[in-house]
Structure formats: C-alpha cells, structure tokens
Amino acid sequence: MEKHLIFMDIDGTLVARDQKISPRTKSVVADLQKVGHQFYIATGRKYSSASEMAKKLNKKTQVIASNGSVYSINEKLYKKHLSDEALQFVYQTISEHQLPIFFFGEHTIFYNQQLPSYLQKNDQSRIGSTEEDFLLINSLDHLMAVSHRIINGIIIADERETELEEVRKILAQSNLLSVSSSHPNNIELIPLGVNKATAIQAVQKNLAIPRENIISFGDGLNDLEMLQASGVSVAMGNAVAELKHHAKFITDTNVEDGIANFLLDYFY
C-alpha cells in the first residue's frame with residue numbers, strides 16, 4: 001500500500017481526561033510505522049507539551065504544535081509567531097473585557113490573571129509540566145518585552161460564551177491574527193494565515209505525499225481546516241456536530257480506541 005501521512009489531535013482524540021494513550025493505539029501506530037506510514041501529533045498545545053505526548057506514543061512520531069505555528073519535518077523545526085501588533089491588540093481587547101489569557105512559547109506559558117485551579121491541577125499536564133513553566137504578565141510593556149518568545153495563545157472563560165463570541169469577532173475583524181476554538185469556552189489565537197492545515201500542507205509538500213494519502217483525526221472546531229486538507233477526514237465519535245458534518249468518516253470515541261479502530265479497518 002502507498003505510504004500515508006496520518007495526523008492526530010491530542011485532547012478528545014488521542015487521549016481522554018487521564019492523558020493516557022491506550023496500549024492498543026500504541027500498538028497499531030507502531031505496526032503502521034514499521035511499514036512506512038508517518039504519524040504526526042497535530043495540536044493546539046505548546047511545542048514542549050506536544051513533544052512529550054508524541055514521545056509517549058513513540059520516538060518516531062513527529063509534531064505539529066500551537067495550531068500549526070510550530071512543526072517539525074525530518075527533525076528540523078519551523079516556527080511562526082504572533083506579531084507585535086497582534087499581541088498589542090489582543091492584550092488591549094482582553095483588558096477591556098477583563099478576560100483571562102494564556103500566551104504560549106515553545107516551553108513557557110505567559111498568563112495575565114491567577115491560574116484557575118483546573119490548570120494548576122487536573123489539566124496542568126495538558127499545557128505544562130511544572131510551575132516554572134508559567135510566567136505572570138502584569139502589563140502591556142511586560143508582554144512586549146517577552147513578545148519574541150510568544151508563538152500563539154488562548155482566551156479561556158467559562159460561562160461567558162456570549163462575551164467570548166463578541167471578542168472573537170473583534171479579534172477576527174482586526175486582520176492581525178487568525179482565531180479558532182476547540183471548545184465554546186475559549187478563543188484560540190494563532191499567527192495570521194496559520195492553522196493546522198497550513199502545517200500539514202508544508203509537511204505534505206516536503207515529503208511528496210499526495211492529498212488522498214493524508215488521514216486526519218480530530219474532535220474540535222480547531223481541527224476543521226486539518227480535516228479539510230486531508231483526503232481521508234475522520235471525526236471522533238465524541239466530536240462536535242459541525243466537525244462531524246464536514247468529515248468523510250466518523251469513528252468511535254476517544255475512550256473507545258476510535259483512532260486504532262479506524263486504522264485497522266482502513267489498512268487491513
């Protein structure tokens with residue numbers, strides 16, 4: 001069979017809340033890698049967190065991180081950053097609305113308010129590994145002093161979805177950055193013109209893999225462009241309804257080995 005490129009989102013796709021990859025998924029991926037198929041993690045997480053998850057799968061798995069802002073091809077790393085103009089506009093906008101924000105570097109998370117408990121505890125493994133990974137930003141000047149380290153960001157505000165939609169429109173209309181969302185409680189902030197699909201297309205071009213041999217798995221709206229850039233688009237059983245509508249296939253949920261089940265059916 002011709003070689004395929006296979007891209008997998010992490011949260012809600014490859015793993016559940018326990019952040020563990022099932023032994024069955026690891027086995028199926030390893031078997032397919034042995035015959036030449038290439039696997040990528042494709043996530044909104046910062047690069048260091050995404051890399052750690054890729055290593056849990058195995059050392060051959062490569063990474064697209066920060067919603068396409070950072071990606072690797074044959075161990076070479078490519079990066080794009082939010083512009084200074086975008087950072088200034090975002091910071092001023094969220095300050096007016098008193099919203100919490102997190103900016104991501106390769107290894108560090110910069111935040112403007114007290115870390116909520118779910119980031120300090122249950123979800124800390126999702127975005128960081130130690131408390132030293134977090135740095136408080138207390139002013140626009142402070143933000144601009146570290147702007148060269150910032151790649152992308154996310155606004156998270158539970159129970160403020162109406163306000164988030166308003167802010168999302170303001171940010172999108174600025175034409176300074178791209179915006180997306182993995183859940184109704186957030187706005188993902190990405191360098192202008194960048195998404196998971198642009199990274200996939202760069203990888204595809206470099207490795208000369210035809211579009212029809214690209215498989216992608218996702219569950220959230222920030223996976224939409226990725227699925228649209230793939231010849232074989234697969235929504236998880238737990239995916240949001242809109243993503244399922246655009247996917248060619250729907251597999252089982254992330255806690256039912258949806259990725260492994262689909263790959264076994266597809267390749268065998």
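Q: Which residue of β13 stands opposite isoleucine 215?
A: In this predicted model, isoleucine 215 stands opposite valine 232 of β13.

Q: How many bridges hold β12 and β13 together, and in which sense do they pair, parallel or antiparallel?
A: There are 4 bridges between β12 and β13, and the pairing is parallel.

Q: And what joins strands of a sheet in general?
A: Strands of a sheet pair through backbone hydrogen bonds, in either a parallel or an antiparallel arrangement.

Q: Back to β13: are the residues on its faces buried or exposed?
A: Both faces of β13 are covered. Val232 and Val234 lie on one side, Ser233 and Ala235 lie on the other, and all are buried.

Q: What about β13 and β14: how many bridges are there?
A: Strand β13, residues 232-235, is joined to β14 by 2 bridges, and the two strands run parallel. Within this pairing, valine 234 has phenylalanine 249 of β14 as its bridge partner.

Q: Which helix belongs to the β-α-β unit with those two strands?
A: Helix α10, residues 241-246, forms a right-handed β-α-β unit together with β13 and β14.

Q: What is the strand order of the sheet of 8 strands?
A: The order is β5-β4-β3-β2-β1-β12-β13-β14; the sheet is open and its pairing is mixed. Its edge strands are β5 (76-79) and β14 (249-250), each of which pairs on one side only.

Q: Which strands does helix α8 touch there?
A: Helix α8, residues 196-207, packs on that sheet and touches β1 (5-8), β2 (38-42), β3 (62-65), β4 (70-73) and β12 (214-218). The direction of α8 makes about 15° with that of β4.

Q: Changing topic, what is the order in the sheet of 6 strands?
A: That open sheet runs β8-β7-β6-β9-β11-β10, with mixed pairing. The edge strands are β8 (134-136) and β10 (177-180), and each pairs on one side only. From one strand to the next, the twist averages 25°.

Q: How do β10 and β11 run, parallel or antiparallel?
A: β10 and β11 (residues 186-191) run antiparallel and are joined by 4 bridges. Serine 180 stands opposite glutamate 188 in β11.

Q: Where does helix α3 pack?
A: Helix α3, residues 84-97, packs on this sheet, where it touches β6 (101-104), β9 (152-156), β10 and β11. The direction of α3 makes about 160° with that of β6.

Q: And which strands does α7 lie across?
A: Helix α7, residues 161-173, lies across β9, β10 and β11. Helix α7 runs at about 15° to β11.

How values were computed
Residues are numbered from 1 along each chain as its sequence is written. This is a predicted model: local features need pLDDT of at least 70, side-chain atom pairs count only at pLDDT 80 or more; totals for chains, interfaces and linings use all residues. Side-chain values use heavy atoms; hydrogens and water are left out. Two strands pair if DSSP finds at least two bridges between them. Contact means heavy atoms within 4.5 Å. Axes are lines fitted to C-alpha atoms, for helices over the stretch in contact, and angles run from 0 to 180 degrees between N-to-C directions. Buried means under 20% relative accessible area, exposed over 50%, partly exposed in between (1.4 Å probe, protein chains only). A crossover is right-handed if, with the strands pointing away from the viewer, the path from the first strand over the helix to the second runs clockwise.
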